[in-house]
Amino acid sequence: MIKITIKEENNVVNKIVFHGHAMYDDYGKDIVCAGVSSILTTTVNAILAFDEEAISFDDKQDFILTILKDDKITNTLIQNMISLLEELTESYPKNIQIRKEEAK
């Protein structure tokens, strides 16, 4: 299962962590993983095209996306990504789980 943790502070997303594999099919044939990867890659590339300093990411083990700027374009693209991931989760609830956390 892909576990996505969305971390927020004052209702603003500041970090998203992607962990695991959907297990819908074998590696390289998994349409759920391909969907998540496409959504994530498109969002990251779009944000970086507007502002290379708006986000950072680490993909050494889990994929950790850190949102560094609170601006309209970045927030809109992040919210769009979350909406797309939520739609995918509705279709594949056994393969994707999204959890939201408020920063403490």
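The expected span of a helix is 1.5 Å times one less than its number of residues. By that rule, the 20 residues of helix α2 (residues 72-91) should span 28 Å, and its end C-alpha atoms are 29 Å apart, which agrees. This is a predicted model, in which local features need pLDDT of at least 70, side-chain atom pairs count only at pLDDT 80 or more, and totals for chains, interfaces and linings use all residues. Residues are numbered from 1 along each chain as its sequence is written, and side-chain values use heavy atoms, with hydrogens and water left out. Helices (H or I, at least four residues) and strands (E, at least two) are DSSP runs, numbered from the N terminus.

**The sheet**

- Five strands form an open sheet in the order β3-β4-β2-β1-β5, with mixed pairing. Two strands pair if DSSP finds at least two bridges between them.
- β3 and β5 are the edge strands, since each pairs on one side only.
- Direction ignored, neighbouring strands of this sheet are turned by 15° against each other on average. Axes are lines fitted to C-alpha atoms, for helices over the stretch in contact, and angles run from 0 to 180 degrees between N-to-C directions.
- β1 and β5 run parallel and are joined by seven bridges. Ile-4 stands opposite Ile-98 in β5.
- α1 packs on the sheet and touches β1, β2, β3, β4 and β5. The direction of α1 makes about 140° with that of β3.
- α2 also packs on the sheet, touching β1, β2, β3, β4 and β5. The direction of α2 makes about 45° with that of β2.
- β3 and β4 pair in the antiparallel sense over four bridges. Ser-56 stands opposite Thr-66 in β4.
- In a regular strand the side chains alternate between the two faces of the sheet.

**Helix α2**

- Thr-74, Ile-78, Met-81, Ile-82, Leu-85, Leu-88 and Thr-89 are buried in α2. Buried means under 20% relative accessible area, exposed over 50%, and partly exposed in between (1.4 Å probe, protein chains only).
- The arc is that of the directions from the helix axis to the C-beta atoms.
- An α-helix has 3.6 residues a turn, so residues three or four places apart point the same way.
- Lys-72, Glu-90 and Ser-91 are exposed on the other side of α2.
- The buried residues of α2 pack against β1 (2-9), β2 (12-19), α1 (31-50), β3 (55-58), β4 (63-67) and β5 (96-102). Contact means heavy atoms within 4.5 Å.
- Asp-71 caps the N-terminal end of α2, with a side-chain oxygen 3.2 Å from the backbone nitrogen of Ile-73. A polar contact is a pair of N or O atoms within 3.5 Å; within protein, one must be able to donate a hydrogen and the other to accept it, and residues adjacent in sequence count only if both atoms are side-chain atoms.

**Helix α1**

- The 20 residues of α1 should span 28 Å at 1.5 Å a residue, and the end C-alpha atoms are 29 Å apart, which agrees.
- Buried residues of α1 are Val-32, Cys-33, Val-36, Ile-39, Leu-40, Thr-43, Val-44 and Ile-47.
- They cover an arc of only 135° around the axis, so they lie on the same side of α1.
- Thr-42 and Ala-49 are exposed on the other side of α1.
- The cover over the buried residues of α1 includes β1, β2, β3, β4, α2 and β5.
- Asp-30 caps the N-terminal end of α1: a side-chain oxygen is 2.9 Å from the backbone nitrogen of Val-32.
- Thr-43 is buried, with a relative accessible area of 6%. Leaving aside neighbours within four places in sequence, Thr-43 is in contact with Leu-77, Ile-78 and Met-81.

**Loop residues**

- A hairpin joins β3 to β4 through four residues. Asp-62 lies in the loop between these strands.
- Asp-62 counts as partly exposed, at 24% relative accessibility.
- The side chain of Asp-62 makes a polar contact with the side chain of His-19 (2.5 Å).
- Asp-62 and Gly-20 are 42 residues apart along the chain, yet their C-alpha atoms are separated by 7.5 Å.
- Asn-95 lies in the loop between α2 and β5. Asn-95 is buried, with a relative accessible area of 10%.
- The side chain of Asn-95 reaches the backbone oxygen of Ala-22 at 2.9 Å.
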